[in-house]
Amino acid sequence: MRASTRREFVAGPAGRIECAVDQPEGAARGIALIAHPHPLYGGTLDNKVVQTLARAFLELGYETWRPNFRGVGQTEGVHDEGRGELQDLQAIVEFLKSEKLVLAGFSFGAALQAQLAQLVKAERLVLVGVAVTRLQAPNVAPDTMVIHGENDETVPLAAVLEWARPQELPVILVPGADHFFHRKLHVLRGIVQSNWK
């Protein structure tokens, strides 16, 4: 993402987990852990939506961590349908020991972060294109930021609204955006930053 991005390796249940880490200017106000989309469909820590989320949080003053899931990049292990990936995210949270942790994710990564939020203490949750049709996404905290593209062909908006409705959870809609927010990444970044305290 930037020349100053460093690689860190965290010990996970299936071997080492590769993470891209960016430091903000000055003292960090917390850590943002950002999870990428489905690894079997080309998802990596370099995904454009994941990078956009990292940039947004970096500018908000957070140190950002973007791990690669099992079998992606230099992360060891093989894809585990979300089970092992959830354990890996948990291992990173334990390694970071941050009092001020934000969980963010895109698609498959967003559904996993919703699951992780039930297991660890997080300041806030940001879910983009949350894959409610592919993975079990539990109920989330009322201040969770849910962002979805109007023309998402991978996870239909109707499915996300069906998940959000019983929780009375607002969904921020990006008009004209597809699943990958092509030509709408600047809008996504602006939404995160303008809705942050």
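What follows is a short exchange about the sheet and helices of a predicted model.

Residues are numbered from 1 along each chain as its sequence is written, and side-chain values use heavy atoms, leaving out hydrogens and water. In this predicted model local features need pLDDT of at least 70 and side-chain atom pairs count only at pLDDT 80 or more, while totals for chains, interfaces and linings use all residues.

Biologist: What is the strand order of the open sheet?

Modeller: Strands (E, at least two residues) and helices (H or I, at least four) are DSSP runs, numbered from the N terminus. Two strands pair if DSSP finds at least two bridges between them. The open sheet has eight strands with mixed pairing, in the order E1-E2-E4-E3-E5-E6-E7-E8.

Biologist: Which strands stand at the edges?

Modeller: An edge strand here has a single partner strand, so one side is left without a neighbour in the sheet. That describes E1 (6-12) and E8 (172-174).

Biologist: How many bridges join E2 to E4?

Modeller: Take E2 (residues 15-22) from its hairpin with E1, where two residues lie between the strands. E1 and E2 pair in the antiparallel sense over seven bridges, with arginine 7 opposite alanine 20. E2 also runs antiparallel to E4 (residues 63-67), and aspartate 22 has threonine 64 as its bridge partner. The number of bridges joining E2 to E4 is four.

Biologist: At what angle do H2 and H3 pack?

Modeller: Axes are lines fitted to C-alpha atoms, for helices over the stretch in contact, and angles run from 0 to 180 degrees between N-to-C directions. The axes of H2 (residues 83-96) and H3 (residues 108-116) are 10 Å apart. Their angle is about 60°.

Biologist: Which residues of H3 meet H2?

Modeller: Contact means heavy atoms within 4.5 Å. From H2 come Glu85, Leu86, Leu89, Gln90 and Val93. In H3 the residues are Phe108, Leu112, Gln113, Gln115 and Leu116.

Biologist: How many residues of H3 are buried?

Modeller: Buried means under 20% relative accessible area, exposed over 50%, and partly exposed in between (1.4 Å probe, protein chains only). The buried residues of H3 pack against E3 (31-35), H2, E5 (101-106) and E6. Among them are Gly109, Ala110 and Ala111. H3 is mostly covered, and its buried count is nine of nine.

Biologist: Which strands does H5 lie across?

Modeller: H5 (residues 185-194) runs at about 165° to E7 (145-149). The strands it lies across are E6 (124-128), E7 and E8.
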